Amino acid sequence: MKRKPEQYIDCGFYEDSDVEDIANYQQKVVKCRKDHLCSACQKRIKKGDHALRETGFMDGAPVQNYVCIPCLDEWLDEIEPLEEAIDDE
């Protein structure tokens, strides 16, 4: 990971999704205990890799989603220059 876990959590990756429909919504950077599928790139996140996990309940059923760190790094690399430009104005 080239950033702190808080930066991945606060990056806004899930802002455009239906997170308001998810009860007890939480995000956390985790070290995976088994393989998962990245919801962004559809590649396998291997056991032992870090990922951003979102959890909660939708329509009474538990939901869980994972995004790999490379997808989040790419996302942050795109938005950080925009944030810096906004801060300079």
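The structure is a predicted model, in which local features need pLDDT of at least 70 and side-chain atom pairs count only at pLDDT 80 or more, while totals for chains, interfaces and linings use all residues. Residues are numbered from 1 along each chain as its sequence is written, and side-chain values use heavy atoms, with hydrogens and water left out.

The chain contains two helices and five strands. Here helices (H or I, at least four residues) and strands (E, at least two) are DSSP runs, numbered from the N terminus. Read from the N terminus on, the elements follow the order α-β-β-β-β-β-α. Of the 89 residues in the chain, 30% are buried, where buried means under 20% relative accessible area, exposed over 50%, and partly exposed in between (1.4 Å probe, protein chains only). Contacts are counted when heavy atoms lie within 4.5 Å. Among those in the chain that link residues at least 6 apart in sequence, 53% join residues at least 24 apart.

An open sheet is formed by three strands in the order β1-β4-β5, with antiparallel pairing. Two strands are taken to pair if DSSP finds at least two bridges between them. Strands β1 and β5 are the edge strands, each pairing on one side only. From one strand to the next, the twist averages 20 degrees; the axes are lines fitted to C-alpha atoms, for helices over the stretch in contact, and angles run from 0 to 180 degrees between N-to-C directions.

The hairpin of β4 and β5 has two residues between the strands, and in it Asp 59 takes a positive phi near 55 degrees. Asp 59 sits in the loop between β4 and β5 and counts as exposed because its relative accessibility is 80%. A positive phi of about 55 degrees is also found at Asn 24, although Asn 24 is not a glycine. Asn 24 belongs to strand β1 and is exposed, with a relative accessible area of 59%. For context, most residues other than glycine have a negative phi.

Not counting residues up to four places away in sequence, Tyr 8 touches Met 1, Lys 2, Arg 3, Val 29, Leu 52, Ile 69, Leu 72, Asp 73 and Leu 76.

Arg 3, one of the residues touched by Tyr 8, is found in the segment before α1 (5-9). Arg 3 counts as buried because its relative accessibility is 10%. Its side chain makes a polar contact of 2.7 Å with the side chain of Asp 77. Such a contact is a pair of N or O atoms within 3.5 Å; within protein, one must be able to donate a hydrogen and the other to accept it, and residues adjacent in sequence count only if both atoms are side-chain atoms. Beyond its neighbours within four places in sequence, Arg 3 is in contact with Tyr 8, Asp 73, Leu 76, Asp 77 and Glu 80.

Ala 40 lies in the loop between β2 (36-37) and β3 (44-45) and is partly exposed, at 40% relative accessibility. With neighbours within four places in sequence left aside, Ala 40 is in contact with Phe 13, Val 67 and Cys 71. Between Ala 40 and Phe 13 there are 27 residues of separation in sequence and 9.9 Å in space, C-alpha to C-alpha.

Finally, a search of the whole structure finds zero disulfides, a disulfide being a pair of cysteine sulfur atoms within 2.5 Å. The sulfur of Cys 68 has its closest cysteine sulfur in Cys 71, at 3.4 Å, too far for a bond. Cys 68 is buried at 11% relative accessibility, and Cys 11 is buried at 9%.
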